[in-house]
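Subject: Handover of a structure and its findings

Dear colleague,

Please find below the structure that I am passing on to you.

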Amino acid sequence: MKTATAAPANKHQGIYEALNILVLLLSIILVISISIDAFKNHSIIIRGVYLRIQLWVCLLFILVFVLKLILTNNKWRYLQTHLIFLIISIPYNYIFYHYHISFNPEITYLIRFIPLIRGAYALALIVNWISNNTITSLFTSYIILLVATVYFSSLIFFVLEQNTNPLLTNFGDALWWACMNVTTVGSNIIATTTTGKVLSVLLSALGLLMFPIFTVFLSNIMKNANKDKHNTTDLD
């Protein structure tokens with residue numbers, strides 16, 4: 001009886017792991033597609049690689065959501081904890097573009113955030129998977145989180161300011177802006193949009209929080225090295 005009960009659980013666990021891997025791969029595809037369009041100065045709203053593949057990726061996301069909902073025992077709790085995943089999995093931009101639905105400038109500006117939010121969520125899934133790896137140290141997780149945040153912040157900044165900021169000519173400028181802000185040095189590229197200004201503040205705050213961790217980590221390395229050297233000297 002015990003074995004018979006454990007078998008379905010193990011079977012479901014295997015399906016869950018397969019679905020998680022599928023979500024991870026799809027997340028990587030989303031991040032890469034957004035990056036490609038950003039590098040080529042394509043709009044991720046009305047054309048480019050992202051618009052062509054987002055429909056199928058989003059449909060697969062929804063399929064994963066439905067399958068996990070069917071397999072889980074507490075369906076209501078699953079809906080509560082994964083509702084945001086379902087919301088961002090709907091291919092809004094493709095639907096609007098395919099059916100020629102237009103909005104006023106304010107709504108259009110908000111629509112620009114949909115693929116960025118989806119990409120940010122996908123990147124968060126990737127970072128979470130790497131951080132949960134048992135062979136990944138806490139310090140490595142901090143590095144991954146910092147690099148991922150800087151990279152995607154530069155993507156958001158580039159997408160939102162490329163047509164309004166004369167100082168922003170390519171993605172390299174946006175990446176430079178993000179790196180300089182996260183180090184709290186400041187960049188010669190000044191944000192012109194509200195979102196860009198908010199990102200500037202958030203990146204500086206992130207730098208103030210993260211870099212002391214690096215200092216503590218390096219101090220511990222030096223302290224342990226000196227301690228080992230001292231112990232070796234005593235043994236001699």
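Predicted model: local features only at pLDDT ≥ 70, side-chain atom pairs only at ≥ 80, totals over all residues.

I begin with a residue of helix H7. Ser-153 lies in this helix, which covers residues 138–161.

Ser-153 and its surroundings

Ser-153 counts as buried because its relative accessible area is 8%, below the cut-off of 20%. A polar atom of its side chain lies 2.7 Å from the backbone oxygen of Thr-149. Once neighbours within four places in sequence are set aside, Ser-153 is in contact with Trp-177, Leu-199 and Leu-203. Trp-177 belongs to the buried residues of helix H8, and that helix is described next.

Helix H8

Helix H8 spans residues 171–182 and has twelve residues. From its first C-alpha to its last, H8 reaches 17 Å, close to the 16 Å expected at 1.5 Å a residue. At the N-terminal end, H8 is capped by Asn-170, with a side-chain oxygen 3.0 Å from the backbone nitrogen of Gly-172. Just after H8, Thr-184 adopts a positive phi of about 65 degrees. The buried residues of the helix are Phe-171, Asp-173, Ala-174, Trp-177, Ala-178, Met-180, Asn-181 and Val-182.

How does Asn-181 count, as buried or exposed? Asn-181, which is found in helix H8, counts as buried because its relative accessibility is 9%. Its side chain reaches the backbone oxygen of Trp-177 at 2.7 Å. Not counting residues up to four places away in sequence, Asn-181 touches Ser-187, Ser-200, Leu-203 and Ser-204.

At 30% relative accessibility, Leu-175 counts as partly exposed. With neighbours within four places in sequence left aside, Leu-175 is in contact with Val-150 and Ser-154. The C-alpha atoms of Leu-175 and Phe-157 are separated by 8.8 Å, and the two residues are 18 apart along the chain.

Ile-28 is found in helix H1, which covers residues 2–39. Its relative accessibility is 33%, so Ile-28 counts as partly exposed. Although Ile-28 and Ala-122 are 94 residues apart along the chain, their C-alpha atoms are separated by 7.1 Å.

Ile-70 lies in helix H2, residues 49–71. With a relative accessible area of 55%, Ile-70 is exposed; the cut-off for that class is over 50%. Together with Leu-60, Leu-63, Val-66 and Leu-67, Ile-70 makes a nonpolar surface patch of about 390 Å².

The chain as a whole

The chain contains nine helices and zero strands, and from the N terminus on its elements run α-α-α-α-α-α-α-α-α. Of its 236 residues, 36% count as buried. The chain exposes about 14,400 Å², of which carbon and sulfur atoms supply 69%. Among contacts between residues at least 6 apart in sequence, 64% join residues at least 24 apart.

With kind regards

How values were computed
Residues numbered from 1 in each chain as written. Heavy atoms only, no water. Patch = residues over 30% accessible without salt bridge, like charges linked within 9 Å, V, L, I, M, F, W, Y side chains within 5 Å. Areas by Shrake-Rupley, 256 points an atom, 1.4 Å probe, with all protein chains shown as cover. Salt bridge = Lys/Arg side-chain N within 4 Å of Asp/Glu carboxyl O. Helix = DSSP H or I, 4+ residues; strand = E, 2+ residues; numbered from the N terminus. Buried < 20%, exposed > 50% of the residue type's maximum accessible area, 1.4 Å probe, protein only. Polar contact = N/O pair within 3.5 Å; in protein donor to acceptor, adjacent residues only side chain to side chain. Contact = heavy atoms within 4.5 Å. Expected span 1.5 Å × (residues − 1).
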